Amino acid sequence: MTNEEANRLLNAYIDGELDPAKSLELEAHLAENPSVRAACERLREMSAAIRDKADYHATPAWLEARVRAAIPAGPENVSARWWRWLTPVGTLAADWLRPAASFAAVALVTWVVALGTMRPGEDERITQEVLASHVRATLSNRSYDVASSDQHTVKPWLSARLAFSPPVADLSASGFELVGGRLDYIGSQPVAVLVYKRRAHLIDVFVWPIETQKSEQMSTRDGFNIEHFAKNGMGFWVVSDLNRNELDDFARLLAEQGAAL
């Protein structure tokens, strides 16, 4: 991969839009190229600042309805319908302006559609990032930084490296063995990752403090099951290729024991 290609991929990488294979290739290039790595960090910081400080406004329902009403039924009345929308008092304009109004209609419709599709929701962004992290860790054989089945080893190791202390549950009695933990980043935020194992299936549990309690969510992406819930001010994102029923059992046990820790 060249520096030029790597720079073209940085925005998609930071937004979690690259496939796992291309992400691994780019990360290998970043590890060997300080200048591209610095550019990546600058973009990441800018993205985080925009998410934290920018004002976001949903498209008003009345605007969407009005734009939909302005979309012409056929090409023969594009100018007329759009121009009537722009001039509700019935004022007539010069004929030479009408093609411009037609162009503006198309542009505005495109803009309204883009508002709803360009920026994924926060939960969608996190889903993409935790899945990409799980796949990267699996493919690179770096599932954990500290290998241990003892919760009293994994928890202090993570707590010493984070600004919070993640709850670490021992679920071995239910067939879910703790095998270790690692540090990772979701967006620009450092998070704890608890790694469990069920037969040959690894389960990543991403944990970090949250301000609002969100409802439980489940989804499936590219053959991986993902669950999200919150307990005692902590958000939990669970990712695995384990079947849905067993992952549901795991998430329920984790929530029950996590609430008691």
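This is a predicted model: local features need pLDDT of at least 70, side-chain atom pairs count only at pLDDT 80 or more; totals for chains, interfaces and linings use all residues.
The lining of the second largest pocket comprises, by class, 14 nonpolar, 6 polar and 9 charged residues. The pocket in question has a volume of about 670 Å³. Its lining is made up of 29 residues, and those nearest the centre are Tyr13, Glu27, Arg44, Arg136 and Asp184. Two or more lining residues come from each of helix 1 (3–14), helix 2 (20–32), helix 3 (34–53), helix 7 (122–139) and strand 2 (177–186). Helix 3 makes the largest contribution to this lining, with 6 residues.

Which residues of helix 1 are buried? They are Ala6, Leu9, Leu10, Ala12, Tyr13 and Ile14. Just after the helix, glycine 16 adopts a positive phi of about 75°.

In soluble globular proteins, nonpolar side chains tend to be buried together. Here, the largest nonpolar core holds 41 residues, and Tyr196, Ile203, Val205, Phe206, Phe250 and Leu254 have the most contacts inside it. At least two residues of this core are supplied by each of helix 7, helix 8 (151–159), strand 2, strand 3 (189–198), strand 4 (201–209), strand 6 (224–231), strand 7 (234–240) and helix 9 (244–260). Another core, of 12 residues, lies apart from it and includes Ala6, Tyr13, Leu18 and Ala39.

Key
Residues are numbered from 1 along each chain as its sequence is written. Side-chain values use heavy atoms; hydrogens and water are left out. On a 1 Å grid over the protein atoms alone, a cavity is a set of points where a 1.4 Å probe fits but cannot get out, and a pocket is an open set with protein on both sides within 12 Å along at least five of seven lines; lining residues have an atom within 4 Å of a point. Grid points are joined across faces, edges and corners, and a volume is the space filled by probe spheres set on the points. Helices (H or I, at least four residues) and strands (E, at least two) are DSSP runs, numbered from the N terminus. Ala, Val, Leu, Ile, Met, Phe, Trp, Tyr, Cys and Pro count as nonpolar, Asp, Glu, Lys and Arg as charged, and the others, Gly among them, as polar. A nonpolar core is a set of buried Ala, Val, Leu, Ile, Met, Phe, Trp, Tyr and Cys residues joined through side-chain atoms within 4.5 Å. Buried means under 20% relative accessible area, exposed over 50%, partly exposed in between (1.4 Å probe, protein chains only).
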